[in-house]
Amino acid sequence: NRYVNFNDVINASNPGIIAVLLDEIAARGRFSWRNSFGVLDSLVLPENKTFNELLDWSVWAYDVSAGQWLKSITRMERGVTFPSGWYDGRVIMVGVQP
């Protein structure tokens, strides 16, 4: 998973952006998350399941489902909320002068 550096335990020196964000949110909110979490491979869905079903399950099973879920009307109608502004996806072009 490119957002959580996970191999049986979260890598302490390079945990990945989602783990870093969850650590900060937990510190500010005075709670812990590392004792109960799951890491899902977003490229492999369980058989006959949709991403909506996977998101529904993850927010039912856990208090937070951190990842790159796309915002949609259907998901918002189901009560899923999406933060704004944590990810800057603008493209930066870099060139070399001859």
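User: Hi! Which helix holds Val59?
Analyst: Val59 sits in helix H2, residues 51-61; helices here are DSSP runs of H or I with at least four residues, numbered from the N terminus. This is a predicted model, with local features needing pLDDT of at least 70, side-chain atom pairs counted only at pLDDT 80 or more, and totals for chains, interfaces and linings using all residues. Residues are numbered from 1 along each chain as its sequence is written, and side-chain values use heavy atoms, leaving out hydrogens and water.

User: Why does Val59 count as partly exposed?
Analyst: Because its relative accessibility is 35%. Buried is under 20% relative accessible area, exposed is over 50%, and partly exposed is in between (1.4 Å probe, protein chains only).

User: And how far is Val59 from Val80?
Analyst: Their C-alpha atoms are separated by 7.9 Å, with the two residues 21 apart along the chain.

User: Switching to H1: what span should it have?
Analyst: H1 has 13 residues, 17-29, so at 1.5 Å a residue it should span 18 Å. Its end C-alpha atoms are 18 Å apart, which agrees. The expected span is 1.5 Å times one less than the number of residues.

User: Which H1 residues are buried?
Analyst: Ile18, Ala19, Leu22 and Ala26. Seen down the axis of H1, the buried residues fall within an arc of 95 degrees (taken from the directions from the helix axis to the C-beta atoms), so they line one face.

User: What's exposed on the other side of H1?
Analyst: Ala27 and Arg28 are exposed there.

User: How about Ile17, what is its relative accessible area?
Analyst: Ile17, also in H1, has 41% and is partly exposed.

User: What follows H1?
Analyst: Arg30, with a positive phi near 60 degrees.

Conventions. Helices (H or I, at least four residues) and strands (E, at least two) are DSSP runs, numbered from the N terminus.
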